[in-house]
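Subject: Structure for your review

Hello,

Here is the structure you are taking over.

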Amino acid sequence: MTVALSRVRLALPAFTLEVDGELARGWTGLVGPSGAGKTSLLELIAGFRRPDAGSIAIHGVPVFDSEERVDVSARSRGVGYVTQDDTLFPHLPVRGNLAYGHHASKGSPADFDRIVSLLSLAPLLGRPVTALSGGEKRRVALARALLSRPRLLLLDEPLTGLDPASRDQVIASLRSIRATVPTPTIYVAHNPGEVLALCDEAIELEGGRMIRRGVPRAIFEGDRDPRLPG
C-alpha cells in the first residue's frame with residue numbers, strides 16, 4: 001500500500017519541487033532542511049495544492065493526473081492530515097471536534113470509543129478545546145484524523161512547539177497508533193530521534209528533490225542509497 005508519484009512538479013519561489021517515486025511503506029519519515037519542500041509535498045498528496053504536472057495515486061487509485069485531467073478533491077482522497085498549527089474548531093468541545101471526523105466516516109460507536117481510549121481522551125471530551133494544553137490539542141487532532149478512517153495519514157511535524165512533557169505524551173500516542181492502527185503514514189520531522197523511534201524508512205528531501213532513502217539510521221549516518229542518483 002503506497003503513494004505513487006510520477007514526474008510530479010510544482011514551481012516554488014526558491015526552486016521547483018520534482019518528485020518521482022513511492023512513499024508510505026508503513027511509516028515513512030520525510031526529513032530535510034527547512035524549506036526543502038516537505039510540507040509542499042504533503043499538501044500535494046492531500047489535495048490542498050495542485051501540481052503543475054505529473055500524477056499521484058494513493059494505493060493504486062489515481063487522485064491527480066495532469067494529462068488525464070484527474071483531480072480528486074481533498075475531501076474525497078481519504079487522507080488524514082495533522083499539522084503543527086492545531087486546526088481544531090474553537091467553538092466546539094473536544095467531543096464535537098471528534099464527532100466531525102467520526103460523522104464524516106460513518107463510523108460506529110465502537111470505533112469512536114476505541115480511538116478515544118487509544119489516545120486517553122475520555123477525561124477531555126466535555127472540555128472546550130481552547131482550555132487544552134498544546135499536547136492535548138495535538139492528541140485531539142490525531143484522534144479526529146483517525147476517526148475519519150483515512151487510507152493514508154500525513155503528520156507534519158506534530159511535536160513542534162510542545163514542552164517536553166507534552167512531547168512525551170504525544171510520542172506515546174504516536175507509538176500506540178503505530179502499533180494498533182494499520183494506516184500507512186508519512187511523518188515530517190526535523191528531529192532525528194522522532195524518525196528513529198517511529199519510522200520504518202526515511203526519505204531525505206533537499207531543494208525539492210529526494211536525494212536519499214533507506215532505513216532511518218542509515219540516512220542520519222550519511223549512507224547514500226544507490227537507488228537514487230547523485
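This is a predicted model: local features need pLDDT of at least 70, side-chain atom pairs count only at pLDDT 80 or more; totals for chains, interfaces and linings use all residues.

Two strands are said to pair here if DSSP finds at least two bridges between them.

**The antiparallel sheet**

Strand S1 (residues 3-11) pairs with strand S4 (residues 53-58) in the antiparallel sense, and five bridges join them. Within that pairing, Leu-5 has Ile-56 in S4 as its bridge partner. Both strands belong to an open sheet of five strands, ordered S2-S1-S4-S5-S6 with antiparallel pairing. The edges are taken by strand S2 (16-23) and strand S6 (70-71); each has a single partner strand, so one side of each is left without a neighbour in the sheet.

Two residues in this part of the chain deserve a look at their backbone angles. Most residues other than glycine have a negative phi. Arg-7 is not a glycine, yet its phi is positive, near 50°. His-59 is found in the loop between S4 and strand S5 (61-65).

**Helix H1**

How many of the nine residues of helix H1 (residues 38-46) are buried? Seven are, and the helix is mostly covered. The buried residues are Lys-38, Ser-40, Leu-41, Leu-42, Leu-44, Ile-45 and Ala-46. After H1 comes Gly-47, which has a positive phi near 95°.

**The parallel strands**

Strand S8 (residues 152-156) pairs on record with two others. S7 and S8 run parallel and are joined by four bridges; Gly-80 stands opposite Leu-153 in S8, and Tyr-81 stands opposite Leu-154 in S8. S8 and strand S9 (residues 185-188) are also parallel, with four bridges between them. There, Leu-154 has Ile-186 in S9 as its bridge partner.

In a regular strand the side chains alternate between the two faces of the sheet. For S8, both faces are covered: Leu-152, Leu-154 and Asp-156 are buried on one side, and Leu-153 and Leu-155 on the other. That accounts for five of its five residues. S7 is likewise covered on both faces, with Val-79 and Tyr-81 buried on one side and Gly-80 and Val-82 on the other.

**The largest pocket**

The largest pocket holds about 760 Å³ of space. Of the 25 residues that line it, the closest to its centre are Val-79, Gly-80, Tyr-81, Tyr-100 and Ser-148. Which elements supply at least two residues each to the lining? They include strand S7 (79-82), helix H2 (94-105) and helix H4 (134-147). By residue class, the lining divides into 11 nonpolar, eight polar and six charged residues.

**Aromatic contacts**

A pair of aromatic rings is described by the distance of the centres and the angle of the planes. The structure holds three aromatic pairs. One of them joins Phe-89 and Tyr-100 edge-to-face, at 4.9 Å centre to centre and with 75° between the planes. The pair links distant parts of the chain, since Phe-89 is in the loop between S7 and H2 and Tyr-100 is in helix H2, 11 residues apart.

**The loop between S7 and H2**

Thr-87 is also in the loop between S7 and H2. Its relative accessible area is 48%, so Thr-87 counts as partly exposed. Thr-87 and Pro-62 are 25 residues apart in sequence, and their C-alpha atoms are 27 Å apart in space.

Regards

Technical notes: Residues are numbered from 1 along each chain as its sequence is written. Side-chain values use heavy atoms; hydrogens and water are left out. On a 1 Å grid over the protein atoms alone, a cavity is a set of points where a 1.4 Å probe fits but cannot get out, and a pocket is an open set with protein on both sides within 12 Å along at least five of seven lines; lining residues have an atom within 4 Å of a point. Grid points are joined across faces, edges and corners, and a volume is the space filled by probe spheres set on the points. Ala, Val, Leu, Ile, Met, Phe, Trp, Tyr, Cys and Pro count as nonpolar, Asp, Glu, Lys and Arg as charged, and the others, Gly among them, as polar. Rings of Phe, Tyr and Trp (its six-membered ring) pair if their centres lie within 6.5 Å; planes under 30 degrees apart count as stacked, over 60 as edge-to-face and the rest as tilted. Buried means under 20% relative accessible area, exposed over 50%, partly exposed in between (1.4 Å probe, protein chains only).
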